[in-house]
Amino acid sequence: MQKLIITAAICGAEVFKEDNPAIPYTIKEIGIEAEKAFLAGASIIHLHVREDDGSPTQSKERFNACINEIKRRVSEVIIMPSTGGAVGMSDQERIQPIYTEGIEMASLDMGSMNFGGDEIFKNTETTIKYFAREIYKRNLKPELECFDKGMIDTALRMEKQGVLHSPMHFNLVFGVRGGINASIRDLVYLMNELPNDSTCTLTGIGRFEIFIAFLSIALGGHVRVGLEDNIYLSKGLLANSNAQLVEKVVRMANEMGRDIASPYEARKILGLK
Ligand code: KMH
Ligand code: ZN
């Protein structure tokens, strides 16, 4: 099996300090959280950023400042900014972080959906194609965010059309209200749909985070954890940092005999340039 790549989704755009005071807002807080997650075993940081008051932003300047702070602390970590941003943002807002320096990947959301209930996360084919073109132009590797089976089908179709390039890297997300459930049956079903030459990270939302991580470690996938997806360390106990969640995955991987990839090894596995 490949060594395990752990992605830390340290901030997100839909959770706030009112939910968990450890959610980072300031440039310094984001730098510290990324550094601690890296030291715990993460090789990729999936990055959203905030204004100091916590409001989500896709501002290029703010991303630049946060990326510089992360790189100053841990130069080797792989940074993957979000092009999803927060629900309701325009395409022009969302695309901005890919025009920063020091990044190697970018998230690319593969379809529209109800997101967490009554909000609509809009990703039309025009948006996806536009983002994909810009991401490849910058020599970045897109991480294809799939919240349901149809989004994988869209990726496979777009690969045939030449919009996406093999080998593709997927992030399969389980347990968003509006997306696919976090069940073993559905996880196996989605993983079986992926091309043989692709790589995949699996993400479980909320209380499913560690359950999905466990399955991914066992099945040869990679793992994403972090406060973006889940604010609890265990039932009723808030995580006090992203690092605690990464540490939990590392402990499980150690018990299950799966080695952790360094950023250098993650770059090789993902074919980053
Ligand atoms: N904030 C979510 C609506 C991504 O980063 O590409 C979307 C999201 C996905 O977080
Ligand atoms: Zn995200």
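Predicted model: local features only at pLDDT ≥ 70, side-chain atom pairs only at ≥ 80, totals over all residues.
Chains are lettered from A and ligands numbered from 1 in the order in which they are written, and side-chain values use heavy atoms, with hydrogens and water left out.

Helices (H or I, at least four residues) and strands (E, at least two) are DSSP runs, numbered from the N terminus. Strand β1 (residues 6–9) pairs with β2 in the parallel sense over three bridges; pairing requires that DSSP finds at least two bridges between two strands. Both belong to an open sheet of eight strands with parallel pairing, in the order β5-β2-β1-β12-β11-β10-β9-β6. Each of β5 and β6 (105–109) stands at an edge with a single partner strand, so one side of each has no neighbour in the sheet. From one strand to the next, the twist averages 25°; angles run from 0 to 180 degrees between N-to-C directions, and axes are lines fitted to C-alpha atoms, for helices over the stretch in contact.

Turning to the helices, α5 (residues 149–160) packs on the sheet, where it touches β9 (141–146) and β10 (169–174); contact means heavy atoms within 4.5 Å. The direction of α5 makes about 145° with that of β9. Helix α8 (residues 242–255) lies across β1 and β12 (222–225) and runs at about 160° to β1.

Buried means under 20% relative accessible area, exposed over 50% and partly exposed in between (1.4 Å probe, protein chains only). S43, in the loop between α1 (27–40) and β2, is buried as well, with a relative accessible area of 0%. Among the residues that S43 touches, not counting those up to four places away in sequence, are I6, V77, I78 and P263.

On helix α6, V188 is partly exposed, with a relative accessible area of 35%.

Terms used:
Residues numbered from 1 in each chain as written.
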